[in-house]
Structure formats: structure tokens, C-alpha cells
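Q: I would like to learn how to read a protein model step by step. Could we start from the whole chain and then turn to single residues?

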Amino acid sequence: MVNLLHLRTLMEVTRLGSFAAAAAQLGYTASAVSQQMAALERDTGVELFQRSARSVVPTEAAVTMTRHASKVLTDVEALMAAASRTNDSPAQELRLGIFPSLATYVLPEILRNDRWNGLGIELRVSVAEPAQTIQGLRSGGELDVALVYQVGQSGLAWPHSLERQWIGDDDFRVVLPASWKIREDAEIEAAHLSDMPWIVHHPGTSDALVIERLFASCNLHPRVVAYSDDFHASLEMTAAGLGASLVPELALRNRPSGVVVLDVPDIRLARNVFALLINEKRTAQVQLFTQLLADTLRETSGRSGLHPLKTAPVKGPQRRR
């Protein structure tokens, strides 16, 4: 029998190309991931990876298995959810903590999905930033699941008793006022944007510190004209010509006219989205909900309207003083 947990891990190793990267996403150690993949190879009788001292390369068998694993996992979870319900049983209540952009652009897509109606879940939603949401898990039962994000290795912390499940990534993008006359998706070096007016996070937050270090590492020294932790406000100010900003793709679902999105290869940063789960409340319905959430986030990113980051490089714009 194939362990379904091993299939889920296989999907992440194949996607990321690394045991260590998959372990970081799933909340395991690299050794645990390696052991799971070795067990899956024994169970299936096929070699899944070509291993070397520096890398693991998926074999054709691994790619084929990964292609079918998502549907298998979803079907099994749907089966478990259906088996756990009867016509006479009350709906399961799920008390969900979720951060604003995920609640705005992803959760409504789930609620309109036919798959959602078969889960038998009565949803109770609390929309708040991750630190506040985690408090709802700490304080003794206000929430069952917390959907949070982490930027880099920022200082977000949660109880060790919770299980962390990776949902997806929300990539940051550099946006400029269209009035600056830089074409959409132009590829440009970060240093060329130095000393230009920028709208940035309030200093002192963990996210701001990660971004500051990233900017410094690529010799980008912004001239700050505004501080904003509200991405929608940042986008509107950018559209009005105040300055450049760095915003996640989810926020760009509500993209105002008057902004262009750049490809800045030096700036590769994402919000890693996780579900924090209480083990004893991790039912089949909850598992299917988190899988549906991951699928919807991936589909939503695909419908963002942004072009792939593959364009010809251009010279930097004239610096605005």
C-alpha cells in the first residue's frame, strides 16, 4: 500500500527539486523527507530520484506519479469526508482564522465551488493579520485552523503543538506608476531603481526587516516617500504617481489602472502561506478544505493577469529627484 502522506511529500520534492526545500515547506526535517521518499521507492518498487551529493533529480516515474497524485489525494479525502457524514449528522463547524487578502480573493472562490458544498462544513470566519490569528489558537479554542503567511524567515511564531501545512506561495512584485513611462513587465536591475521614490512597509516589523535586507543585498537604496502596510493603499498611491512599491500578487487581483508591473530578477520574495492545524481537529473535512484552498490559491495565481517573468532587459529609468 502506498502511504498518502508520502505522495503529498513527493509532490513537493518534485515541485521544488530538493529534499531540504520540501522539508521547509512541509514543516519536516530534510532527513524525514529523505526517509519518506526511500519508503515510497520501496513500496512502489521504482526509483523516484537520481541522487547526488548536491541535488536530487526526479525520474520519469516520479514525474508520472506526481502528475496523478493530486487527483488521488483529493479523491481519497472526498471519500473520507463523505464517509464521515450521514444525512442525520449535523454539519461540522470549522472556526477559521484567515488574513485579509486570502479572505478577499481566495476564500470566496472556495465558497462558490461545487466541491465545497459536499464537505458538510459550517464555516465561522475571523479575518485578521497572522499574529492576531495565532493568538486565537493559543488562547484555548477560539479557532480550529489559522491561515497565516511568513515572509522569509521572519519572526512569526506559533505553538509547537500545532501542525504546519504549506498551502502555497504569494510572490511579491515590483510596481511603478505608469506615468514613469516604463513598459509593463520590463526586466530591470534593482540597482537602477535606487534613490527613486518608494512606498515601503513601516520600519520595525519582521516583514519590513526582510525586505530591507533584500534591497540592501541588491544595492537598492530607496528614497522613502510613504510608509504603508496596506497593500491596496500602496497600489493606489503608486497609481497616482507617488512612488514605486512592492506588493504580493494577491493584492494585484484588485490592480488599479495607472500601474505597471516590472520583472526585477534581483528581487525574488514571496509570502509563504501555511495552515496551522490542531491535530485532534484535523478531520477528513478539514483536510479536504485545506487541499481545496491550496488548489484555489494556485488557480487564482494563474488568473492574476500577470505575464511570466521572462522579458528582454532594458536600461534603467532616469532617477526622479
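A: We can begin with burial, where buried means under 20% relative accessible area, exposed means over 50%, and partly exposed lies in between, using a 1.4 Å probe and protein chains only. By that rule, buried residues make up 49% of the 321 residues in the protein chain. This is a predicted model, in which local features need pLDDT of at least 70 and side-chain atom pairs count only at pLDDT 80 or more, while totals for chains, interfaces and linings use all residues. Residues are numbered from 1 along each chain as its sequence is written, and side-chain values use heavy atoms, with hydrogens and water left out.

Q: How many helices and strands does the protein chain have?
A: Helices (H or I, at least four residues) and strands (E, at least two) are DSSP runs, numbered from the N terminus. The protein chain has eleven helices and eleven strands.

Q: What span should helix α3 have, given its 15 residues?
A: The expected span of a helix is 1.5 Å times one less than its number of residues. For α3, residues 30-44, that gives 21 Å, and the end C-alpha atoms are 21 Å apart, so the two values agree. Just after α3, Gly45 takes a positive phi of about 75 degrees.

Q: Which residues of α3 are buried?
A: An α-helix has 3.6 residues a turn, so residues three or four places apart point the same way. In α3 the buried residues are Val33, Gln36, Met37, Ala39, Leu40 and Glu41.

Q: How should I read the two faces of strand β10?
A: In a regular strand the side chains alternate between the two faces of the sheet. In β10, residues 259-262, both faces are covered, with Val259 and Val261 buried on one side and Val260 and Leu262 buried on the other.

Q: Is Arg173 buried or exposed, and what does its side chain meet?
A: Arg173 lies in strand β6, residues 162-177, and it counts as buried because its relative accessible area is 4%. A polar contact is a pair of N or O atoms within 3.5 Å; within protein, one must be able to donate a hydrogen and the other to accept it, and residues adjacent in sequence count only if both atoms are side-chain atoms. The side chain of Arg173 makes such a contact with the side chain of Asp185 at 3.4 Å, and another, of 3.1 Å, with that of Glu249.

Q: What does Gln165 touch?
A: Gln165 also lies in strand β6 and is buried, at 8% relative accessibility. Contact means heavy atoms within 4.5 Å, and, not counting residues up to four places away in sequence, Gln165 touches Val273, Phe274, Ala275, Leu277, Arg282, Gln287 and Thr290. With Thr290 there is a polar contact between the side chains, at 3.2 Å.

Q: Is Ser217 buried or exposed?
A: Ser217 is found in helix α9, residues 206-217, and it is exposed, with a relative accessible area of 60%. Ser217 and Ala191 are 26 residues apart in sequence and 10.0 Å apart in space, C-alpha to C-alpha.
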